[in-house]
Amino acid sequence: MKKVGILGGTFNPPHIGHLIMANEVFHALSLDEVRFMPNAIAPHKQLVDDASMENRLRMVEIATNPYEHFKIESIELALGGVSYTYYTMVELLKREPDVQFYFIIGGDMIDSLHNWYKIDELIKLVQFVGLKRPGSKSSTPYDVKIVEAPEIDLSSTFIRRRLKTGGTLEFLLPDGVESYIRKEGLYGTR
């Protein structure tokens with residue numbers, strides 16, 4: 001059975017922490033691939049300065065392109081509207097019934113898993129894989145396989161703040177992402 005990791009998120013923008021998380025889980029669980037899955041509209045956050053779906057997808061493509069074990073999963077963008085992991089996984093399992101999916105989440109998401117839409121049904125469809133994050137308890141009553149990995153306290157919010165203040169982004173963004181952001185004038189960089 002094919003083993004596929006799914007790393008979902010807004011990727012607004014994608015940063016080096018996303019790549020590290022995906023790579024750590026890929027190797028720890030001997031997965032066949034990890035798919036980065038940008039959501040259409042996140043159920044838990046929506047920002048005034050969000051990049052468009054097209055911009056976010058392009059940034060994820062740029063970030064993952066150098067790594068053959070990283071793929072793009074655009075199902076949530078295609079479905080549109082608010083992206084609920086439950087409905088996404090139902091669709092993915094219909095499309096690929098012979099795949100074991102591993103849904104990758106950080107410590108902050110582990111802590112709030114009890115709030116996820118239809119979590120009691122979702123937990124039966126997918127194996128959650130968690131990575132601890134500084135400042136989170138990384139604790140839940142639900143079955144989450146914890147992967148030991150470097151704990152990186154980096155967020156897209158931090159990156160957007162850095163862009164606004166003109167601070168360095170060296171080593172924080174995957175190659176090509178910063179130049180794309182500046183070329184497109186995202187996050188107030190014009």
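A crossing of two helices is right-handed if the near helix is turned clockwise from the far one by less than a right angle, and left-handed if it is turned anticlockwise. All views are taken from a predicted model.

**View A. Right-handed crossing of helix H2 and helix H8.** Helix H2 spans residues 53-64 and helix H8 residues 177-184; their axes come within 9 Å and cross at roughly 155 degrees. Angles over 145 degrees count as roughly antiparallel, and H2 and H8 are therefore roughly antiparallel to each other. On the H2 side, the contact is made by Asn55, Arg58, Met59, Ile62 and Ala63. On the H8 side, Val177, Tyr180, Ile181 and Glu184 take part.

View B. Most residues other than glycine have a negative phi, and most peptide bonds are trans.

**View C. A positive phi at lysine 118.** Lysine 118 is not a glycine, yet its phi is positive, at about 50 degrees. The residue sits in the loop between helix H5 (107-111) and helix H6 (119-122). Is lysine 118 buried or partly exposed? Buried requires under 20% relative accessible area; lysine 118 has 33% relative accessibility and therefore counts as partly exposed.

**View D. Aromatic cluster of Phe11, Phe36, Tyr67 and Phe70.** The structure holds 9 aromatic pairs. One of them joins phenylalanine 11 and phenylalanine 36, with 5.8 Å centre to centre and 45 degrees between the planes; this pair is tilted. Phenylalanine 11 lies in the loop between S1 and H1 and phenylalanine 36 in strand S2 (residues 33-38), so the pair ties together parts that are 25 residues apart in sequence. Phenylalanine 11 and phenylalanine 36 are both buried. Tyrosine 67 and phenylalanine 70 also form a tilted pair, because their ring centres are 5.5 Å apart and their planes stand at 55 degrees. Phenylalanine 70 is buried, with a relative accessible area of 6%. Tyrosine 67 is partly exposed, with a relative accessible area of 34%. Ring pairs link these four residues, Phe11, Phe36, Tyr67 and Phe70, into a cluster.

**View E. Tyrosine 67 and asparagine 23.** Tyrosine 67 lies in the loop between H2 and strand S3 (70-72). Along the sequence, tyrosine 67 and asparagine 23 are 44 residues apart. How far apart are tyrosine 67 and asparagine 23 in space? From C-alpha to C-alpha, the separation is 9.6 Å.

**View F. The largest nonpolar core.** In soluble globular proteins, nonpolar side chains tend to be buried together. This core has 19 residues, of which Phe101, Phe103, Trp116, Leu122 and Phe128 touch the most other members. Two or more residues come from each of S1, helix H4 (85-95), strand S4 (99-106) and H6. The most comes from S4, with 4 residues. A second, separate core has 18 residues, including Leu19, Leu31, Val129 and Val147.

**View G. Contacts of phenylalanine 128.** Neighbours within four places in sequence are left aside here.

**View H. Isoleucine 16 in helix H1.** At 24% relative accessibility, isoleucine 16 counts as partly exposed. Leaving aside neighbours within four places in sequence, isoleucine 16 is in contact with Leu154, Phe171, Leu172, Leu173 and Pro174. Tyrosine 87 is 71 residues from isoleucine 16 along the chain, and the C-alpha atoms of the two residues are separated by 28 Å.

How values were computed. Residues are numbered from 1 along each chain as its sequence is written. This is a predicted model: local features need pLDDT of at least 70, side-chain atom pairs count only at pLDDT 80 or more; totals for chains, interfaces and linings use all residues. Side-chain values use heavy atoms; hydrogens and water are left out. Buried means under 20% relative accessible area, exposed over 50%, partly exposed in between (1.4 Å probe, protein chains only). A nonpolar core is a set of buried Ala, Val, Leu, Ile, Met, Phe, Trp, Tyr and Cys residues joined through side-chain atoms within 4.5 Å. Contact means heavy atoms within 4.5 Å. Rings of Phe, Tyr and Trp (its six-membered ring) pair if their centres lie within 6.5 Å; planes under 30 degrees apart count as stacked, over 60 as edge-to-face and the rest as tilted. Axes are lines fitted to C-alpha atoms, for helices over the stretch in contact, and angles run from 0 to 180 degrees between N-to-C directions. Angles under 35 degrees count as roughly parallel, over 145 as roughly antiparallel, 65 to 115 as roughly perpendicular and the rest as oblique.
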